Amino acid sequence: MSRTLTELAVEVLTTADGREKTARSHAAAKLWRDSRAAGAPLAIGAAMPP
């Protein structure tokens with residue numbers, strides 16, 4: 001399943017636990033960097049903010 005940047009951002013923002021929020025944030029950033037390096041950047045997408 002393809003993820004968008006906004007979906008990843010909402011996931012991070014809705015995570016209550018600080019350590020889990022940090023881990024999800026780092027994972028999203030890595031996914032974004034890796035997809036750009038592979039020449040297939042993630043779509044921005046659209047999502048409702050929390």
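A salt bridge here is a side-chain nitrogen of Lys or Arg within 4 Å of a carboxyl oxygen of Asp or Glu. By that rule the count comes to 4 salt bridges. The model is a predicted one, so local features need pLDDT of at least 70 and side-chain atom pairs count only at pLDDT 80 or more, while totals for chains, interfaces and linings use all residues. Residues are numbered from 1 along each chain as its sequence is written, and side-chain values use heavy atoms, with hydrogens and water left out.

As for the overall fold, the protein chain has 2 helices and 0 strands (DSSP runs numbered from the N terminus: H or I of at least four residues for helices, E of at least two for strands). Its C-alpha trace spans about 35 × 20 × 15 Å along the principal axes. Of the 50 residues, 14% count as buried (under 20% relative accessible area, with exposed over 50% and partly exposed in between, using a 1.4 Å probe and protein chains only).

Now to the charged side chains. R3 and E11 meet in a salt bridge at 2.6 Å, N to O. E11 also pairs with R24, the closest N and O atoms being 3.1 Å apart. That pair links distant parts of the chain, with R24 in helix α2 (residues 18-37) and E11 in helix α1, 13 residues apart. R24 forms a salt bridge with E20 too, at 2.9 Å, N to O; because these two are 4 residues apart in helix α2, about one helical turn separates them. Through shared partners, salt bridges join R3, E11, E20 and R24 into one network. R3 is partly exposed at 25% relative accessibility, as is E20 at 34%.
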